[in-house]
Amino acid sequence: MSERSGAVGNDPFNGRPPTSHERLTGLPWDASYRGGPAPWDVGRPQPAIVRLASKGGFAGAVLDAGCGTGENALHVASLGLSVLGVDVAETALAIARQKAADRGIEIEFAAADAFQLQRLGRTFTTVLDCGLFHTFDRDERPRYVESVASVTEHHGTLYVLCFSDEGPDTGPHPVSEAELRAAFNASKLWNVLDIERDRVQTRFHDDGAPAWLATIKRI
Ligand SMILES: C[S@@+](CC[C@H](N)C(=O)[O-])C[C@H]1O[C@@H](n2cnc3c(N)ncnc32)[C@H](O)[C@@H]1O
């Protein structure tokens, strides 16, 4: 079901090609989770996701793609939904599983590559992407968009919360509204319903960084 294979030999990327972000930093994503919390790992769910959930935005089986240490996924699961969180960072997944055990929340966490989600062999009604899309460069986006579509039920919903390019103090991978819309609409697999201004909390922004919250429907 998942790609939980542990390291392939000494390959820190476990047999997958490194992402543009990993090539840029020279480090696998997993390294971000060793030796203290990563800049985005704020220890609580993102307010934008809590708000979405309180309005009934999550339904059916839920996938959190690039779940990190799982705060958003755990929040949604705590409301009684069936949630799978996936990530390439085994250290983050281990932390997420420990949180679930400590809090008594039923949830699954598995290693999987967001470019190969069809390997999960299951589909989801709602997919959450909090801070993953914006880490991909323009060349990677079409493959990601197709991969997420392969596991999203027809008429299912994808939420993307990503850094925006508007205003001062933007996050490290700012995306324009037009780029975000084009990435999904270009595929013919998705219909971007709505893009709202929001904030993403980080450990370095007092009041969060400017963000887009996109609601995207699988055709
Ligand atoms: C900016 S962090 C956001 C983590 C989490 N969603 C949160 O809000 O705290 C991006 C996450 O995406 C994961 N990631 C990056 N590329 C990935 C890929 N190809 N497949 C799955 N996860 C990936 C990273 O390991 C990291 O945990």
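This is a predicted model: local features need pLDDT of at least 70, side-chain atom pairs count only at pLDDT 80 or more; totals for chains, interfaces and linings use all residues.

1. A polar backbone atom of Gly66 lies 2.7 Å from a nitrogen atom of the ligand. Asp113 contributes a polar side-chain atom, 2.9 Å from a ligand nitrogen, while for Val88 a backbone N or O atom is 3.4 Å from a nitrogen atom of the ligand.

2. How much of the ligand's accessible area does the protein cover? On its own the ligand has 590 Å² of accessible area, and the protein covers 95% of that. As for its location, the ligand sits in the largest pocket.

3. Please also look at Gln46, in the loop between helix H1 (20-25) and helix H2 (47-54). Gln46 counts as buried because its relative accessibility is 4%, against a cut-off of 20%. Leaving aside residues up to four places away in sequence, Gln46 touches Asn72, Cys130, Leu161, Arg199, Val200 and Gln201.

4. Finally, helix H5 (residues 141-150). Which of its residues are buried? They are Arg141, Tyr144, Val145, Ser147, Val148 and Ala149. The cover over these buried residues includes strands S1 (62-65), S4 (124-130), S5 (152-163), S6 (190-202) and S7 (205-218), along with helix H6 (177-185).

Note on methods. Residues are numbered from 1 along each chain as its sequence is written. Side-chain values use heavy atoms; hydrogens and water are left out. Buried means under 20% relative accessible area, exposed over 50%, partly exposed in between (1.4 Å probe, protein chains only). Helices (H or I, at least four residues) and strands (E, at least two) are DSSP runs, numbered from the N terminus. Contact means heavy atoms within 4.5 Å. A polar contact is a pair of N or O atoms within 3.5 Å; within protein, one must be able to donate a hydrogen and the other to accept it, and residues adjacent in sequence count only if both atoms are side-chain atoms. Accessible areas come from the Shrake-Rupley method with a 1.4 Å probe; for residues, only the protein chains shown count as cover. On a 1 Å grid over the protein atoms alone, a cavity is a set of points where a 1.4 Å probe fits but cannot get out, and a pocket is an open set with protein on both sides within 12 Å along at least five of seven lines; lining residues have an atom within 4 Å of a point. A molecule sits in a cavity or pocket if more than half of its atoms lie within 2 Å of its grid points.
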